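Reader: I have a model open with several chains in it, and I would like to learn how to read the way they are arranged. Could we go through it step by step?

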2 protein chains.
Amino acid sequence: MVETDKKRELIIEGAIKRFMHYGINKTTMNEIAEDLSVSKPSLYYYFPDKNSLVLGVIDKIFADYFDIVEKDRFADIPIIERLSSITEVKHRFFQKYYMLHLSGGSPDSSLNSEELKTHFLRMKKRNEDFHAEIFQKSIEKGEIAPTDVSKIAELYLDSQAGITSLCIMHGNKELFPSKKELKTMLEKQLSLSNIFIKGLQ
Amino acid sequence: MVETDKKRELIIEGAIKRFMHYGINKTTMNEIAEDLSVSKPSLYYYFPDKNSLVLGVIDKIFADYFDIVEKDRFADIPIIERLSSITEVKHRFFQKYYMLHLSGGSPDSSLNSEELKTHFLRMKKRNEDFHAEIFQKSIEKGEIAPTDVSKIAELYLDSQAGITSLCIMHGNKELFPSKKELKTMLEKQLSLSNIFIKGLQ
DNA sequence: TTTTGACCGTTGGAATAAAAAAGTCAGAAA
DNA sequence: TTTCTGACTTTTTTATTCCAACGGTCAAAA
């Protein structure tokens, strides 16, 4: 069983490599199989369908994200620095996995299953809870005034995601946002984050 | 000449009615002409092409918007109330002209000419200048701390537009956002606006 | 100056065919 | 028994064709 999990991990990593370069829709199960020097049915032995594989990929990416941002969960860091560092992590992930279009709410996929959507909502919820906790701790430290941390966390994340969304929409219709756009996007997110926190004091 | 302008106005108003209901792409020049009980070449006598007509329509809508929001430009109103009322006006326009997809940066149009884009940028700039002025006056009144009002106006408007953008993207893939989505969108924009202003104090 | 019927070149959407992808299965290999 | 595969079927995507409908023009009438 542990061998099986290892294989699943290997497949997911292989899939990620392809997805990062060509996106989910432009990557076929055959290509993933060939990369790993196995047959397509082998893939289907470990994943019942492409959807499940995509789900596995997304799970791994989010797990990596949460691993990083939750690392100093209990460290005593001013909330402004805390959120800035999270924004930068998110920015790295955004660039790295841009081709998967994870920021659009649903990934680059006609495999636009309900399963995937609910999964996304779970991730969003987890991120909101995580941020709510940050706000809660900050309130207890007296950095910011007491509020409904759930609501505020949602609003904060929406305001940040909104900037990303704008960047994607207004972007040149190229495949990839330019370095310059990415830079101004990050700057805006950091500025907005700082003003937001200040507004909660 | 003043007669010509009147006719142009009439055509624009007729076009707006169709655009509001069916969007720009799904409205034909013939339909607009028939609505006004004239022939298609008559339209082309007043507007060289559909692009120009669309441009006229957009100009009118934005003129209406600026007429309303700039009305109490010199009134002594607290900035929070000021921006709230602007947000609500914008919200009304967003709903009313939703089918034209003016919020997406470029309108619902394969007529996606450069002319149109630059025009949009001009409108955006004007709105930014207008908001910068509001921030500037607010600084002079001592409501908020001095800052780079241009930068702040841009960031403020991006944060608001970002929420709209999210609402459009995440929305059910229906033609029109639901009443509920619209309501939460407005609430988020108002909350964010208030926090933003507080963050500038 | 303004308006029109008749006309032309282009385009976008429906329909179809062709290609490629997802997914299955009986059976072999380990 | 668990893992894997070649050969297969079914579904989806892409390419192609075609035609109505659209944007746009023009000579001539009002």
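Author: Let us begin with the two protein copies, keeping in mind that this is a predicted model. Chain B is superposed on chain A by a rotation of 180° with 0.0 Å of shift along the axis, and the RMSD is 0.1 Å. That is the relation of a two-fold axis.

Reader: How many residues does each chain bring to the contact?

Author: Residues count as being in contact if their C-beta atoms, placed from the backbone, lie within 7 Å. Here 20 residues come from chain B and 20 residues from chain A. On the side of chain B that touches chain A, α7 (149-170) and α8 (179-200) each supply at least two residues, and α7(B) gives the most, with ten residues. By class, that side of chain B has nine nonpolar, eight polar and three charged residues.

Reader: Why do the copies meet through the same surface?

Author: The copies do so because 100% of the interface residues of chain B are also interface residues in chain A.

Reader: And which residues come nearest to DNA strand C?

Author: Of the 18 residues around DNA strand C, those that come nearest are A:Thr28, A:Pro41, A:Asp49, A:Lys50 and B:Pro41. The elements giving two or more residues to this surface are α2 (29-35) and α3 (40-46) of chain A, together with α1 (2-22) and α3 (40-46) of chain B. The largest share, four residues, comes from α3(B), and by class the surface near DNA strand C has six nonpolar, six polar and six charged residues.

Terms used
Residues are numbered from 1 along each chain as its sequence is written. Chains are lettered from A and ligands numbered from 1 in the order in which they are written. This is a predicted model: local features need pLDDT of at least 70, side-chain atom pairs count only at pLDDT 80 or more; totals for chains, interfaces and linings use all residues. Copies are superposed by least squares on the C-alpha atoms of residues with pLDDT of at least 70 in both. Two residues are in contact if their C-beta atoms, placed from the backbone, lie within 7 Å. Ala, Val, Leu, Ile, Met, Phe, Trp, Tyr, Cys and Pro count as nonpolar, Asp, Glu, Lys and Arg as charged, and the others, Gly among them, as polar. A residue is near a molecule or strand if its C-beta atom, placed from the backbone, lies within 6 Å of it.
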